[in-house]
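The stops below are given in the order in which to select them.

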Amino acid sequence: MLEQLEKSHQQALEALEKVQNEDDLLTWRADFLGKQSPVMSVFDNMRDLSKEERPVVGRRANEVRQALEAAFEARRDALKEQALQTALKTEKIDVTLPGRQHELGRLHPVTQTLRRIYRIFNEMGFQVYRSREVETDDYTFTYLNMPPHHPARDMWDTFYTNTEGIILRTHTSPGQVHAMRQYHPEPIRVILPGMCFRYEQVSSRSEMQFTQVEGLAVGKDITFGDLKGTLTDFARRLFDTDVRTRFRASHFPFTEPSAEMDVECFICHGEGCSVCKHTGWLEILGSGVVHPNVLRFGGYDPAEYTGFAFGMGPERLTMLLHQIDDIRNFWRNDLRFLEQF
Ligand code: FA5
């Protein structure tokens, strides 16, 4: 058995000499130091030996095993060193190569429009006022002069939560009453941007989730003329100095009188086309003089105070600014679309 042991030792060392990579090295270890290997099976077969032979063979088998383990470690270190030297020679860093370009993200087109709107109104003295997206029925409708069962509520159908009276806001107008209750009896000049939700058919012009920017001014002697001047100036600053605008009589329960503002169609310049439904005009916002009941709910005496309010849709404004024909592009998250802005 001793003879067999020496032979296996020799064979193992010879095989190890030929090993050139990590994989082969692991195979070698399984072959010569694994459970089934000739050296290790000596331990299993000890019981076949005589009492005198057992310690001699056992000692030698241990020596051989330790020698092979040491040889394995040495070979592994040598291979590592060899690999490192090869890498150093072949993988030289070329410091003259241009660096890798990092992809830069950018602001969403609607966010860009929102920031332009903030800047324009800030220059006119309006501060940004944030108000919540999850609202009460009272703030969304009742305090805006739409008591329960008022038919106008249907125009702004929204999403209801499991908690009675708690809904997702259908417009930013509830923020008007929050701002009034916080600031009364001080004068107010704020814009209220944020997300709105509507239970409505999604189409190329309407989403069920979209942003609005509300505006509110409250003070003494504020007139419809102030509203017109502010919004006309806004449109000129956002679009172009000589863009044509018009106010059309409309109806909102929370403003009296009410008006919608149109800008001349950019596609046909007033001639009439499919985008403007052959009217030559595109609606951009709703507005009006704050209704006395809303002022009262906000804590202002309508005999002393007046105000104006408006609500615009930044998605629609962005569509006009960039001639985008489908509002659904904004949420599609298609980089080919987004990278254009
Ligand atoms: C309102 O929401 C009123 N709260 C606006 C208002 C505020 C009037 C203050 C008077 C005083 P309206 O539903 O028309 O009104 O929406 C206003 C603007 O939001 C629209 O002109 C449009 O630009 C945008 N908008 C409305 N619905 C959608 C929709 N589904 N998808 C995208 N934009 C929309």
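Start at Glu-164, which counts as exposed because its relative accessibility is 80%; exposed means over 50% relative accessible area, buried under 20%, and partly exposed in between, with a 1.4 Å probe and protein chains only. The model is predicted, so local features need pLDDT of at least 70 and side-chain atom pairs count only at pLDDT 80 or more, while totals for chains, interfaces and linings use all residues. Residues are numbered from 1 along each chain as its sequence is written, and side-chain values use heavy atoms, with hydrogens and water left out.

Glu-164 sits in the loop between helix H6 (137–140) and strand E3 (166–168). Helices (H or I, at least four residues) and strands (E, at least two) are DSSP runs numbered from the N terminus.

**Tyr-143 and its neighbours**

Stay in the loop between H6 and E3 and select Tyr-143, then Phe-297 in helix H9 (residues 292–298); the pair ties together parts that are 154 residues apart in sequence. Rings of Phe, Tyr and Trp (its six-membered ring) pair if their centres lie within 6.5 Å; planes under 30 degrees apart count as stacked, over 60 as edge-to-face, and the rest as tilted. Tyr-143 is buried at 15% relative accessible area, whereas Phe-297 is partly exposed at 32%.

Now show Arg-181, which lies over the face of Tyr-143 at 4.5 Å from the ring centre. For such a charge over a ring, NZ of Lys or CZ of Arg must be within 6 Å of the ring centre and within 35 degrees of the ring normal.

**The nonpolar cores**

Which residues have the most contacts inside the largest nonpolar core? They are Phe-121, Phe-234, Phe-239, Phe-310 and Met-312, in a core of 40 residues. Elements that give two or more residues to this core include strand E5 (209–219), strand E8 (281–290) and helix H10 (314–322). The largest share, 6 residues, comes from H5. A nonpolar core is a set of buried Ala, Val, Leu, Ile, Met, Phe, Trp, Tyr and Cys residues joined through side-chain atoms within 4.5 Å.

Centre on Phe-310. Leaving aside residues up to four places away in sequence, the residues it touches include Phe-121, Ile-191, Val-213, Leu-231 and Leu-285; contact means heavy atoms within 4.5 Å. A second, separate core of 25 residues includes Met-146, Val-190, Leu-295 and Tyr-300. For an aromatic cluster, select Phe-121, Phe-126, Phe-234, Phe-308 and Phe-310 together.

**The ligand**

Select the ligand and the 26 residues around it, of which Ser-173, Arg-198, Glu-200, Glu-207 and Glu-283 come nearest; a residue is included if one of its heavy atoms lies within 4 Å. A polar side-chain atom of Glu-283 is 2.8 Å from a ligand oxygen atom, and one of Trp-156 is 3.0 Å from a ligand oxygen atom. From Gly-313, a backbone N or O atom lies 3.2 Å from an oxygen atom of the ligand.

Gln-212 is in strand E5 and is buried at 10% relative accessible area. Its side chain reaches the backbone nitrogen of Thr-172 at 3.0 Å. Its contacts, not counting residues up to four places away in sequence, include Arg-198 and Met-312.

Move to Thr-255 in strand E7, buried at 3%. Its side chain makes a polar contact of 2.7 Å with the side chain of Ser-258. A polar contact is a pair of N or O atoms within 3.5 Å; within protein, one must be able to donate a hydrogen and the other to accept it, and residues adjacent in sequence count only if both atoms are side-chain atoms.

**Backbone checks**

Also in E7 is Pro-257; the peptide bond from Glu-256 to Pro-257 is cis, with omega near 0°. Another cis peptide bond joins His-184 and Pro-185, with omega about 5°.

Finish in the loop between E7 and E8 with His-269, which has a positive phi of about 55° although it is not a glycine. Lys-277, in the loop between E7 and E8, has a positive phi of about 50° and is not a glycine either.
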